[in-house]
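Dear colleague,

Please find the structure for your review below. My findings follow it.

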Amino acid sequence: MRVDPPPASAAFSAIEERALGVLMPTYTRQPVALREGRGCVVRDVDGREYLDMVAGIAVNVLGHGHPAVLRAIEEQSRRLVHVSNLYYSEPQLEAAEKLVATAFPSRVFLANSGTEAVEGAIKLARKWGRLHRNGASTIVCARGAFHGRTMGALAATANRRYREPFEPLPRGFVHVAYDDVAAVEAAIDPGTVAILMEPIEGESGVTPMRDETLRGLRRLCDEHGLLLLLDEVQTGMGRTGRWWAHQHAGVVPDVMSVAKGIAGGLPMGAVLAGPRADCLEVGDHGSTFGGGPLACAVAAAVLDTIRADDLVLNAHRTGERLRDALLGLARGGAPIAEVRGRGLMLGVVLRDEIAPQVAAAALGRGLIVNAIGRSVLRLVPPLILTAGEADEAVRRLGLALEDVA
Ligand SMILES: Cc1ncc(COP(=O)(O)O)c(C=O)c1O
C-alpha cells in the first residue's frame with residue numbers, strides 16, 4: 001500500500017517560510033520541524049512523534065532529555081557557563097581525565113566541533129613533521145573521507161562537491177583508495193608526515209575499514225616513522241560496541257579526533273595525542289570556547305553515564321539485534337542488498353537508488369533515518385536504544401520500504 005507523507009501543516013509551512021527568509025540555504029532539510037524529545041523519541045511542531053534513529057547524526061548518545069545531561073547543565077550553569085583558557089577550571093580536567101581513561105595514554109586539546117578536532121590533529125602533525133621529519137608535511141587521506149568543513153579539514157575531505165567552490169585549499173593532502181594498505185604505502189614519500197583516516201567512513205555511506213587494514217596502517221606508520229591520526233568523530237563514544245572503533249583492531253593511534261556525542265548534544269570536540277605525538281606548546285593553538293566549563297561538565301556526566309549504564313555493551317548488543325532484524329527484512333523481500341557497519345553505526349544499502357524517498361516515507365511512518373547519497377540509509381541512534389525500540393524501528397522501516405517499492 002502506498003502512503004503519502006502527511007501534508008505540510010500550517011505551523012510547519014510558516015517555519016519553512018521564515019527559514020527561507022533568514023537562514024542561508026546550506027542544508028537539504030527534511031520537511032519536519034522538531035520541537036522536543038525524550039529518550040529515543042522526538043516530537044514535531046504538530047505533535048507527531050518519531051523514533052529517532054539519527055540522533056543529531058550520532059550526537060545524542062544518551063538520547064533526548066537524559067537526566068544526567070539535564071542535571072549537569074543545571075548544576076554547572078548555576079556555577080559558571082564560560083571562563084577563558086587563560087585560567088584553570090575543574091570541569092576541563094574532569095572531562096579530559098575521563099576521556100583519556102576510555103582511550104590511550106594521551107593529553108588532550110579541547111575544541112568545539114569535529115572539524116576543529118581534525119584541524120587540531122592536522123596542525124599537530126605539521127608541527128611534528130617540522131620537529132621530527134625534516135619539515136615533512138603531507139598527510140595521506142582516503143577517497144570517500146569526510147573530515148569537516150574548515151579549510152584544513154576540507155583539504156583532507158575527498159568529496160569534490162564540498163571542496164571545489166573553496167579552492168585553493170591548503171596543500172599537502174593526498175587521497176588514496178580506502179581500506180587499502182598497499183595504496184597508502186605507495187603514496188608515502190619523504191614528504192609524508194602522517195596518515196589520517198576514519199575507521200568507518202560515515203559520510204561516504206558507512207563504509208568500514210577491515211581491522212587488518214587498520215593494523216597495516218599502524219605498521220606502516222611504525223616502519224616509516226609517521227603519525228597515525230584517526231578521525232573517530234563519528235565512530236567514537238561507544239557507538240561501534242567499543243569506546244573507540246580502533247579498539248576492535250587492537251591498535252593505538254598517535255592522535256585521535258573526537259566530537260559528536262562527547263557532550264551529549266552540546267558542541268564539543270577534542271584532540272588526543274599520545275606521548276610520541278604530543279608536541280603542541282604555549283601559543284601553538286587555542287580556542288575561546290574550547291573546553292568551556294558547561295560543555296566539559298556535561299561531557300564528564302556523559303562519559304560517566306555511558307560507563308555506569310554499560311552503554312558500550314548496549315551499542316554492541318542492540319546493534320547486533322538491529323542488524324539481524326534488518327537482514328530479516330531483506331530475507332522477507334525488502335530491497336536491502338547489504339547491512340554494514342558496527343554496533344549502532346549501520347548503513348542499510350538498498351538495491352535501488354531510493355534512499356531519499358525511503359527516508360521521506362519513513363517520516364510518514366514515525367521514523368527518522370538519514371539517506372546518504374541515493375542508496376544508503378544511515379542508522380546512528382542513541383546508545384540507550386532498547387531492543388524493543390530497535391524492533392519497532394525496523395518494523396516502521398519495513399513499512400516505509402513497502403510505501404516506496
Ligand atoms: C568523521 C567526521 N569527521 C569530522 C566531522 C566534522 O564534524 P563537525 O560537523 O562537528 O565539524 C564529521 C561530521 O559529520 C565526521 O563524520
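For the classes used in this message, Ala, Val, Leu, Ile, Met, Phe, Trp, Tyr, Cys and Pro count as nonpolar, Asp, Glu, Lys and Arg as charged, and the others, Gly among them, as polar. Please bear in mind that this is a predicted model.

I begin with the ligand. Its shell consists of 15 residues, of which the closest are Gly-114, Thr-115, Gly-148, Val-233 and Gln-234. Sorted by class, this shell contains five nonpolar, seven polar and three charged residues. Helix H5 (residues 114–132) provides the largest share of the shell, namely three residues.

I turn next to the packing of helices. Two packed helices are described by the angle between their axes and the distance between the axes.

On the H3 side, the contact involves Ala-68, Val-69, Ala-72, Ile-73, Gln-76 and Ser-77, which meet Pro-293, Leu-294, Ala-297, Val-298, Ala-301, Val-302 and Thr-305 of H10. This contact has 10 nonpolar and three polar residues, and no charged ones.

The second pair is H4 with H10. Pro-91, Gln-92, Glu-94, Ala-95, Lys-98, Leu-99 and Thr-102 of H4 meet Pro-293, Cys-296, Ala-297, Ala-299, Ala-300, Leu-303 and Asp-304 of H10. By class, the residues of this contact divide into nine nonpolar, two polar and three charged.

Gln-92 lies in helix H4 (residues 90–102). Is Gln-92 buried or exposed? A residue counts as buried if 20 or more other C-beta atoms lie within 10 Å of its own; Gln-92 has 22 within 10 Å and is therefore buried. Leaving aside its neighbours within four places in sequence, Gln-92 is in contact with Leu-110, Gly-291 and Cys-296. Gln-92 and Gly-290 are 198 residues apart in sequence, yet their C-alpha atoms are 9.5 Å apart in space.

The axes of helix H12 (residues 355–364) and helix H13 (residues 387–404) come within 8 Å and cross at roughly 120°, which makes H12 oblique to H13. H12 passes H13 in a right-handed crossing. The contact is formed by Gln-357, Val-358, Ala-361, Ala-362 and Gly-364 of H12 together with Arg-396, Leu-397, Ala-400, Leu-401, Asp-403 and Val-404 of H13. Its residues comprise seven nonpolar, two polar and two charged.

Finally, I note a loop residue. Asp-180 is placed in the loop between strand S6 (173–176) and helix H8 (181–187). A residue is partly exposed if its count of C-beta neighbours falls between the limits of 12 or fewer for exposed and 20 or more for buried; Asp-180 has 17 inside 10 Å and therefore counts as partly exposed. The C-alpha atoms of Asp-180 and Arg-210 are separated by 9.2 Å, while the two residues are 30 residues apart along the chain.

With kind regards

Methods. Residues are numbered from 1 along each chain as its sequence is written. This is a predicted model: local features need pLDDT of at least 70, side-chain atom pairs count only at pLDDT 80 or more; totals for chains, interfaces and linings use all residues. A residue is near a molecule or strand if its C-beta atom, placed from the backbone, lies within 6 Å of it. Helices (H or I, at least four residues) and strands (E, at least two) are DSSP runs, numbered from the N terminus. Axes are lines fitted to C-alpha atoms, for helices over the stretch in contact, and angles run from 0 to 180 degrees between N-to-C directions. Angles under 35 degrees count as roughly parallel, over 145 as roughly antiparallel, 65 to 115 as roughly perpendicular and the rest as oblique. A crossing is left-handed if the near helix is turned anticlockwise from the far one by less than a right angle, and right-handed if clockwise. Two residues are in contact if their C-beta atoms, placed from the backbone, lie within 7 Å.
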